[in-house]
Amino acid sequence: MTPGPATLGLRGAALVLAAAGLGYTLWRGVHDPGHALAFGALITIGELARWGALPGEREPAPLGAAGALAYALLGRSGGHPTSHGVLQVVAVLAAAQLVASVPQLARGDGPGADQVARRLLTVTFAAVCFQPLYNAGASERWFGDGPYYAAFLLLLLGLTALCDAVLAALLLRAGTRPRGSRAAPAPYGPLLRVELRALTGIGSAVCATGAVMALGVAAAGLWALPVLCVPLLLTQLSYRRFAAVRTTYRQTIASLARSTEIAGYTPHGHARRVAELCTAVGREMGLSGPELTVLEYAALMHDIGQLSLVDPVPDGATALLPTAEQRRIALLGGAVVRQTGVDAKVAVVVERQADPYREQPLSARIVRAVNAYDDLSGESLSGPLGALEQLRLGTGHDYQPQVVESLARVLARGGLTPVPPG
């Protein structure tokens, strides 16, 4: 996928900032070299801790992020004022990422250019908000060294987190337009809401640790760094284990969903296609992370009730069956899902997928519409455009109009050609 103008603009801005920071620091010399070395080493170690990062992990280097934010918000060390500025913060972060990139490139799991640019721009924002005020003595006059100063740091970290969410949503939106497509990218609002909801997770821990590091070094000096790193390292380890368990859980559900394909009840790849389209439509409609997870699992297992049939449905196309038969298969599928120990919310979506849409939860409406689209678009006489037209004709009773139009927008961005089986 070719980077869009927004992505290239952010990468270019980050590259200019990195070059300016490194050039200025080399020309004017390093202020407080001990602190620059200590925080540079901390950021490097944090970046190297990406080893084994799971796909889709939102913040695979929390220690590096917290260390960079702490250095950007550092005004004192052991009670004595520091003298580094914004450009030196940028230089230390850029140098640490360059050093960490050597082994990362060797093992092929380093961060992408967008991640590096986003980190650099976010930390620069924090440094620009703090360093000029502190170096001019304004923050000390306004807030002193007590609780107001800590609240000031937390406010800056909140603004920095908001800046990071805005950049993340912008980059994600730029990545939703396929190469060569003239269709509009995904709407920015739902993507931003997803990123803002994610701030309550590992993002809040990173911001809080960054503030605590800055305050700890201000009071106790650099010896506070190794002590304050331990909680975040333990948090990262626990989160990594949780993410690994969740990945294994999803793989188990996907394997169970493939049982209908192996038994010859549904076409190969049908469950995967429906799950991918459902997730995209759910994101388009502003569902949160947990809601998207339930939707994905339900979409993967939506046809599991067909295993109870004596004779397979032709091509597994349940959308072409009478309504009563669709409901019977859905209820059988919900019963199977409940026996597997999967979240009961998933079973509810599977059970309700054949009900009239006004009686369904939103996730069941999405599964029903997307499943019908995949069933109908596979017919030689319908095709993608014909399938969408049939869904629009059924919006009076079977399919929610907003879901159908969201599906149409998702398909327009990715092209109306169905994903090939396999």
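Me: Why is phenylalanine 143 called partly exposed?

Reply: Start with its relative accessibility, which is 27%. Buried means under 20% relative accessible area, exposed over 50%, and partly exposed in between (1.4 Å probe, protein chains only). The 27% falls in between, so phenylalanine 143 counts as partly exposed. Keep in mind that this is a predicted model, where local features need pLDDT of at least 70 and side-chain atom pairs count only at pLDDT 80 or more, while totals for chains, interfaces and linings use all residues. Residues are numbered from 1 along each chain as its sequence is written, and side-chain values use heavy atoms, leaving out hydrogens and water.

Me: What makes phenylalanine 152 buried or exposed?

Reply: Its relative accessibility of 7% is under 20%, so phenylalanine 152 counts as buried.

Me: How many aromatic pairs does the structure hold?

Reply: There are six. One of them is the pair of phenylalanine 143 and phenylalanine 152.

Me: What makes that phenylalanine pair stacked?

Reply: The ring centres are 4.5 Å apart, with 15° between the planes. Rings of Phe, Tyr and Trp (its six-membered ring) pair if their centres lie within 6.5 Å; planes under 30 degrees apart count as stacked, over 60 as edge-to-face and the rest as tilted.

Me: Why is the pair of tyrosine 249 and tyrosine 297 called edge-to-face?

Reply: The centres lie 5.6 Å apart and the planes make an angle of 75°. That angle is over 60, so this pair is edge-to-face. Helices here are DSSP runs (H or I, at least four residues; strands are E, at least two), numbered from the N terminus.

Me: How do you know whether each of these tyrosines is buried or exposed?

Reply: Compare the percentages. Tyrosine 249 is at 32%, so it counts as partly exposed, while tyrosine 297 is at 6% and counts as buried.

Me: Which residues do ring pairs link into a cluster?

Reply: The cluster is made of Phe130, Tyr134, Trp142, Phe143 and Phe152.

Me: How do you know that helix H4 reaches close to its expected span?

Reply: H4 (residues 86-107) has 22 residues. The expected span is 1.5 Å times one less than the number of residues. That gives 32 Å, and the reach from the first C-alpha of H4 to its last is 32 Å.

Me: Where does H4 bend?

Reply: The bend of about 35° is at serine 101, and proline 103 follows within four residues. A bend is the angle between axes fitted to the seven residues ending at a residue and the seven starting there. H4 also has buried residues, among them Val90, Leu93 and Ala100.

Me: What makes arginine 338 and glutamate 351 a salt bridge?

Reply: Their closest N and O atoms are 2.9 Å apart. A salt bridge is a side-chain nitrogen of Lys or Arg within 4 Å of a carboxyl oxygen of Asp or Glu, so this pair qualifies. Arginine 338 is in helix H13 and glutamate 351 in helix H14, so the bridge ties together parts 13 residues apart in sequence. Arginine 338, at 43%, is partly exposed, and glutamate 351, at 19%, counts as buried.

Me: How many salt bridges does a search of the whole structure find?

Reply: It finds 14. In one of them, arginine 327 meets aspartate 355 at 4.0 Å, N to O. Arginine 327 lies in helix H13 and aspartate 355 in the loop between helix H14 (344-352) and helix H15 (362-377), so parts 28 residues apart in sequence are tied together. Aspartate 355 counts as buried at 14%. Arginine 352 also meets aspartate 355, at 2.8 Å. Shared partners join Arg327, Arg352 and Asp355 into one network.

Me: Why is aspartate 311 called exposed?

Reply: Its relative accessibility of 61% is over 50%, so aspartate 311 counts as exposed. This residue sits in the loop between H12 and helix H13 (323-340).
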